[in-house]
Amino acid sequence: MVGSEICELQVDDIEDIGKNGDLEAIERLKINAVLPKSKKRNDDGCRDDVEVQSFVPGMHKVYVKTWGCAHNNSDGEYMAGLLSENGYKIVSDKNDAHIWLLNSCTVKNPAEDHFRNAVESGLGSGKHVIVAGCVPQAAPKASYIKDISVIGVQQIDRVVEVVEETLKGNKVRLMGKKKEGKRKLGGASLHLPKIRRNPLIEIIAINTGCLNQCTYCKTKHARGELGSYPVKDIVDRAREVFQEGVKEIWLTSEDTGAYGRDIGTSLPELMYALIKVIPDDCRLRLGMTNPPYILEHLEDMAHILSHPKIYSFLHIPVQSGSDSVLGDMKREYCVEEFQRIVDFLKQRVDGITIATDIICGFPTETESDFQETMKLVERNKFPSLFINQFYPRPGTPAFKMTRVPTNEVKQRTRRLTELFESYKPYEDRVGKLYSVLVTEESHDKQHYVGHNIFYEQILVPKDSNLLGKMIDVQITSVGKHYMVGCPQKQSLFNYFKSFPINLSTVWLSTCCVIIVASVAIKVRSKF
């Protein structure tokens, strides 16, 4: 179910760079709230003069802000959808809201700093504030959130309850895990209502948590051990959102490659099941997978990533080109294993896009270690590379390690960035033809954005008739991170595909007509 407003979102995931959810084509929810006659309501059906002391459920405006990864964004969309379904109005102007719901990310210090500032700003403005996401789950005793309500990462389906209690003046903290017996579940139901930031894109979290123990990672403290959703639940959700008009699905989690290991299934089994329900004019993007678990499924993954309904794209964070550093990070693979995955997929999946992450300045990284990372990037020339400086996160083993001097970390980051900017992955693409799925607006608001089968960003004219459509384009110019495409006239094949008729049916009908006509001619010739 798609709601009436867009949550304010900040995406900080490599796969989401360049995304803009500011689209106007969002279906509106009908809110049937019964308003007391003694109070005047404004044009949007919400009362500006609501008194918390005389609390009436569903009569308030809520500002929702999310930081972080695709998984966090999906959680924020669910919480906004639940609130909207229960009569609350989701607003984009924080000053217009009665209550702020701040959904946090704990991956890096800057994200938590922005979150902390937002909490203090809300409280300082006299707003009711509720916090959610990975920061309060990982550090519930943090001083700046000790006196406010908290929604744990597996309790998002109880957001309405927490909002109502908070508006009454109570403090609520729901931090528990969802379990079936002793087994951890993936989280709240996948079939909750949503307000999508982009009505054409559905984010489905296939599991929560992971099986790793990376020494620098704070997210593990929040999301915990692996908990996977059953294949049927995910497939049913996919079928449901396609019927709602979604054109693109993103599968996400802290590690998609580990999916199913806790419930006796696997990522390939899930993908094969999903392929069966993806319409011809839609596509699916697989999210980040760490190297150790994808190694077990290379043959299947190459086959899956070659399917026309699946983007030939995979995000595999290597983090360092040094085996010594990888060992200190407890990444559970070596550089040779990572390179084997890249080489195998490039050989088996024509044109595949491999994206990766690098952490510069991990505490034990020497200049020699960093040179190994530079060599890895030079060898592979990743078209999409997310470069991070090391951030010491409290509570992690790496927090206690002796740090590389800040100036050296910045210098290494600059050198790696210069190497990345030195090569142009699209320089030979002018004149090429691609089919692209157009799903969003560009940051400069001058173009719409589509992606070809390799999930490469292609800018097209801002024609509303193109949104949600699969179109053919010819590349006219390129940049470092994008191509510009000129829409081509619709081919006869695609013209027929646009009809709600299977091409095989058309072919069979044509054959029948020809046969009947031939028989008629022969019969007539006898007379």
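## Helix 1 and its end

Gly-87 follows helix 1 and has a positive phi, near 100°. This comes from a predicted model.

Helix 1 itself covers residues 70-85, which makes 16 residues. From first C-alpha to last, helix 1 reaches 22 Å. That is close to the 22 Å expected at 1.5 Å a residue.

## The chain as a whole

The protein chain contains 15 helices and 22 strands. It has 527 residues, and 55% of them count as buried.

The chain exposes about 23600 Å². Carbon and sulfur atoms supply 52% of that area.

## Cysteines

How many disulfides does the structure hold? The count is 0. Cys-217 is in no disulfide. The nearest cysteine sulfur to Cys-217 belongs to Cys-214, 6.0 Å away.

Is Cys-217 buried or partly exposed? Cys-217 is partly exposed, because its relative accessible area is 24% and buried means under 20%. Cys-486 also counts as partly exposed, at 38% relative accessibility. Exposed would require over 50%.

Conventions
Residues numbered from 1 in each chain as written. Predicted model: local features only at pLDDT ≥ 70, side-chain atom pairs only at ≥ 80, totals over all residues. Heavy atoms only, no water. Helix = DSSP H or I, 4+ residues; strand = E, 2+ residues; numbered from the N terminus. Buried < 20%, exposed > 50% of the residue type's maximum accessible area, 1.4 Å probe, protein only. Areas by Shrake-Rupley, 256 points an atom, 1.4 Å probe, with all protein chains shown as cover. Expected span 1.5 Å × (residues − 1). Disulfide = S-S within 2.5 Å.
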